[in-house]
Amino acid sequence: MARSSLTRDEVLDAAASLVKQRGPAALTMRGLAAELGTAVTSIYWHVGNRESLLDALVERTVQEMGAIRPVGRSPAERILSVARILRRELRERPHLIAMVHERGLTERMFLPAQQALVHEVHAAGLRGARAADAVRAVQFQIVGFLLVERNRERSPAQSPAESELWDPAAAPHDPGLARALARPADPERLFLLSVRALVTALLATAPTAPG
C-alpha cells in the first residue's frame, strides 16, 4: 500500500541515503518509490524528474558542507576543528561530493570552510597573501590527505605487505621505527598530527594579534 503522505525532505533523505550507499547510478525513480513505499508519481510531484532530483541533492550537499562551526580556545585549535569536520563530512558522502564536483560547484562548496579558516588566521594575526597561503595550505592538506587515505583503502592487497617490508632485523639502527612502520597506520592520528604541525608552522610567524 502506498503511503498517504510524503514530504520533499523525506524524498531527499531517502535519495541521499541510496546515493551514499550505492552511488548515483543506483538511484532510480522506481527504486526510490519502492524504498519509500509510495507511487512513482508521488516522487515526481515532490522533486520533478531524476535530473531535478540530482540537482536538489547537489544543492543540499553544498548547504550541508557549509554548516561548519569551529570549536576551541585558540585560533590553532579552531583551525584543527575545521579540518576534522571537513575531513569527516567529505568521508561520509564521497558519491555526493563527486556529484558536486561534476557540476562545477566544488569551490562554492568549500567557501564556508575557507571563510571559517580566514576568520581564524586573522585572529592569529595573519593578513594578506600570508593569510591566503595559510588558508589554502590547510585546505590542500585536508583534501590531499583524504585522497591518499581513500587510495590506500581501495588499493588491492599488497605483497609484500608493509609489515613484511619493515622487519626490525633489517633496520638495526632503529628497530623501534621499524616496528612502528610495520604496524597498520592510524589515519585519524596521522591526520591530526600533520594538520597540527602545519598550522603550528603557519602561525609561528604571525605577529601578536591585537587584544
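The buried residues of H11 pack against H5 and helix H8 (128-154), where buried means under 20% relative accessible area, exposed over 50% and partly exposed in between (1.4 Å probe, protein chains only), and contact means heavy atoms within 4.5 Å. Helices are DSSP runs of H or I with at least four residues, numbered from the N terminus.

This is a predicted model, in which local features need pLDDT of at least 70, side-chain atom pairs count only at pLDDT 80 or more, and totals for chains, interfaces and linings use all residues. Residues are numbered from 1 along each chain as its sequence is written, and side-chain values use heavy atoms, with hydrogens and water left out.

The buried residues of H11 are Phe191, Leu192, Val195, Val199 and Leu203. They lie on the same side of H11, because they cover an arc of only 90° around the axis; the arc is that of the directions from the helix axis to the C-beta atoms. Thr200, Ala201 and Ala204 are exposed on the face turned away from the buried side of H11.

Two segments can be set side by side by the distance between their end C-alpha atoms.

| Segment | End C-alpha distance |
|---|---|
| Residues 28-47 | 13 Å |
| H11 (residues 187-204) | 25 Å |

Residues 28-47 are 80% helix and 0% strand. An unreviewed UniProt entry annotates them as "DNA-binding region"; such annotations may be inferred rather than shown by experiment.

Helix H5 (residues 75-92) contains Glu89, which counts as buried because its relative accessibility is 14%. The C-alpha atoms of Glu89 and Gly23 are 16 Å apart, with the two residues 66 apart along the chain.

Definitions and conventions:
Helices (H or I, at least four residues) and strands (E, at least two) are DSSP runs, numbered from the N terminus. The expected span of a helix is 1.5 Å times one less than its number of residues.
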